[in-house]
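Hello,

I am passing this structure on to you, and I hope you enjoy looking through it. Please open it first, and then read my notes below alongside it.

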Amino acid sequence: MAPLLLLFLSLLPAAAAYLCCVRRHTGSAAAALRRREPDRAEARVRSPPRDPWAPRLCGSGLRLFVHVANTAFGQICLLPLLIRLNNFSLMRSLDIHEDPTFIPEVAAEVMEDKSEAKSTSDIIEQLIDARSDSASHGFSFKGIKDYLDCYRSGKLTPSQVAKNIIAMLEDSDKSTPPLRAIVQWDQEQIMLMAKASTARYRSKCTLSYLDGIPVCLKEEFKVVPYHHRVGTVYLGTEPETEDATVAKKLREAGAIIIGVSNMHELGTGTTGCNPNRYHKIPRNPYKPNHFTGGSSSGSAAAVAAGLCPVAIGTDGGGSVRIPASFCGVVGLKGTFGRISSHGSLPLSYSTVSVGPICTSVADAAIVYSILAEPDPLYPYGLKQPKATLSDMCAPDLKGLKLGVDWTFFKACDAEVLSICEKAVEHLQSLGASVVEVSLPEMEEVRVAHVICILSEMRDFLQPDFNKHFQEMNLDTRANLALASQFTALDYITANRQRTRSMRFLREVFTTVNCILTPAVASTAPRIYESDLLTGSSDLSFTVRSMRFMQLGNFTGIPGLVVPIGYSTAGLPISFQVMAKWWDEAVLLRIGLKLEQFRYQTKKPSIYYNILS
């Protein structure tokens, strides 16, 4: 035994020298690349999406993992293993010849010149009138119409509403546990905007349908005079002196900006878990011991809790639609470039879209109609078609073809699937036809989107990662360490895949008007005590929660999530509709009909009636 051991030890230096200094490391003639034929999807047996694997980490386990992941051992051994286990190395085995598409900007189709039978303002008036006639069973969220009715009738003024909001904000910070939806607000600023709006109502010269409407914006946006912290403790050391474009447009519309909302640090997660001292973890108004979803966590919580009927978020991997789904409200991700991102931190320039989170589809349509237009300060969407709400108020869905990839559709929890299948039947009953479609290469989409968003974030945050590493949350450090594993070759191949996926979608949209999926594969996860102190990292949940979101972010198509029911535990379940580029109108039309499917709206456990 001893001689064998000595022989083994004597050979180790030679083996190490061979592996390090002799054997080729940059590739292998034996490595087989799977060629992808241009314009043709790979033929394969359709199977459900694979579930990712990674342990949920928190507390000392998370601290240890983050430390090791950022060492040489972690980068050379541990994280490459995690990459392989979750198939994130897929792009390295593909031979794709399409040119890469680095920005999913799509030219508007040349349409016949059809003058709308009704103007957008006429449609909005019809939406507002229709909401009062809709069948409501029990509780209903207070939306834009409710505020306008109070202002127009003289029952309340924007100033009185602002005082109520300030009182509720103080209460929400003192409650047990604190809601932590709005993380920065200023009483003087709120009252100034409210007084100006009150004067406009008195003189009957209001600016828009949003005049006097309380809104909040995700902390990712620059909003005067708040700190642009983006969920961190180290950014935004001075108050902002310039508004983001969306904040500016909301002010011009007369909205009352009540503050900036909480978010997952730097938008790097989908739970909303942010334990740092400026933010803390926002609570789901339906179940305060559950997460809100993220990264626009505070925006969704503020709307669901009644603090405001409108909030603005950003969506790079479902960051508007996931929290809207978990909190039981409506979330719209516009076409890439539809709403300006100027003035938000450009964390991932090719995947992020701006969108509203609202109490209803009608409210989302109103906000969309005001915010959606080209911005000279934002390079994308400059040639977008005019945003319309055409046919939104059609009495039925006759003539619409709704695409469903049932294999993909069913990749969710049984409770979610059951109610989503019934929602499809409801849409059919309104005259729409359901067409089975195939969404090809969805595993490639999953991996390519992760590579794009993490690579772009890692690139933008490189100076912060060097200088402020110890000030970042643990899960942010873990995600950025994982992002370090992706190479330039991974990124370019992922963007070649984007070209293919966008072409496949163009073909799909020649046969259907939209694509239907569940919103999220599960309901909101539980908050554990350790999460409050160290945060948590759950790669498996993050990837699974983005399952139905990634296609929209990766290719730039718009998506709308609408709450349709509740789990047996009382947590909201939502449904998603996606359409071709620039066709948000069809999403809103279908979304209105989906709202009719939910028989009853349950009142959140945390709810503030600002108009009482």
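Asp-211 and Arg-200 are joined by a salt bridge, with their closest N and O atoms 2.8 Å apart. Asp-211 sits in the loop between helix H7 (187–202) and E5, while Arg-200 belongs to helix H7 itself, so the pair ties together parts that are 11 residues apart in sequence. Both Asp-211 and Arg-200 are buried. Please keep in mind as you read that this is a predicted model.

That pair is one of several I looked at, as the structure holds 22 salt bridges. Another is formed by Asp-95 and Arg-35, whose closest N and O atoms are 3.9 Å apart. Here two strands are involved: Asp-95 lies in strand E3 (residues 94–96) and Arg-35 in strand E1 (residues 34–36), so the bridge ties together parts that are 60 residues apart in sequence. Asp-95 counts as partly exposed because its relative accessibility is 26%, and Arg-35 is partly exposed too, at 42%.

Then there is the salt bridge between the side chains of Arg-500 and Glu-98, at 3.0 Å from N to O. Arg-500 is in helix H17 and Glu-98 is in the loop between E3 and helix H4 (120–133), so this pair ties together parts that are 402 residues apart in sequence. Arg-500 is buried, with a relative accessible area of 1%, and Glu-98 is buried as well, at 6%. Coming back to Asp-211 and Arg-200 for a moment, their salt bridge has its closest N and O atoms 2.8 Å apart. Elsewhere, salt bridges that share partners link Arg-36, Glu-98, Glu-441, Glu-444, Arg-500 and Arg-503 into one network.

Which residues touch the most other members of the largest nonpolar core? They are Leu-210, Phe-575 and Ile-590, out of the 190 residues in that core. Helix H14 (residues 442–460) supplies the largest share of this core, with 10 residues. As a general point, nonpolar side chains in soluble globular proteins tend to be buried together. If you click on Ile-590 and set aside its neighbours within four places in sequence, you will find it in contact with Leu-397, Leu-400, Leu-402, Leu-427, Cys-514 and Val-577.

The length of helix H13 (residues 414–429) can be checked: at 1.5 Å a residue, its 16 residues should span 22 Å, and the end C-alpha atoms are 23 Å apart, which agrees. After H13 comes Gly-431, which has a positive phi, near 105°.

Is helix H9 (residues 297–304) largely enclosed or largely open? Eight of its eight residues are buried, so H9 is largely enclosed by the rest of the structure. The cover over the buried residues of H9 includes strand E4 (182–184), strand E5 (214–218), strand E6 (256–261), strand E7 (310–315), helix H10 (321–326) and strand E9 (353–358). Just after H9, Gly-306 has a positive phi of about 85°.

One loop residue may also interest you. Phe-486 lies in the loop between helix H16 (474–483) and helix H17 (488–508), and Phe-486 is buried, with a relative accessible area of 10%. What does Phe-486 touch, beyond residues up to four places away in sequence? Its contacts are Ile-83, Phe-88, Arg-92, Val-450, Ile-451, Leu-454 and Ser-455. Of these, Ile-83 is 403 residues from Phe-486 in sequence, yet the two are 9.3 Å apart in space, C-alpha to C-alpha. Asp-149 and Gln-485, on the other hand, are 336 residues apart in sequence and 55 Å apart in space, again C-alpha to C-alpha. Asp-149 itself lies in helix H5 (residues 144–153) and is partly exposed, with a relative accessible area of 34%.

Trp-53, Leu-81 and Leu-85 make a nonpolar surface patch of about 300 Å². Leu-81 is part of helix H3 (residues 72–85), and counts as partly exposed because its relative accessibility is 40%.

Happy exploring, and best wishes

Conventions
Residues numbered from 1 in each chain as written. Predicted model: local features only at pLDDT ≥ 70, side-chain atom pairs only at ≥ 80, totals over all residues. Heavy atoms only, no water. Patch = residues over 30% accessible without salt bridge, like charges linked within 9 Å, V, L, I, M, F, W, Y side chains within 5 Å. Areas by Shrake-Rupley, 256 points an atom, 1.4 Å probe, with all protein chains shown as cover. Salt bridge = Lys/Arg side-chain N within 4 Å of Asp/Glu carboxyl O. Helix = DSSP H or I, 4+ residues; strand = E, 2+ residues; numbered from the N terminus. Buried < 20%, exposed > 50% of the residue type's maximum accessible area, 1.4 Å probe, protein only. Core = buried A, V, L, I, M, F, W, Y, C linked by side-chain atoms within 4.5 Å. Contact = heavy atoms within 4.5 Å. Expected span 1.5 Å × (residues − 1).
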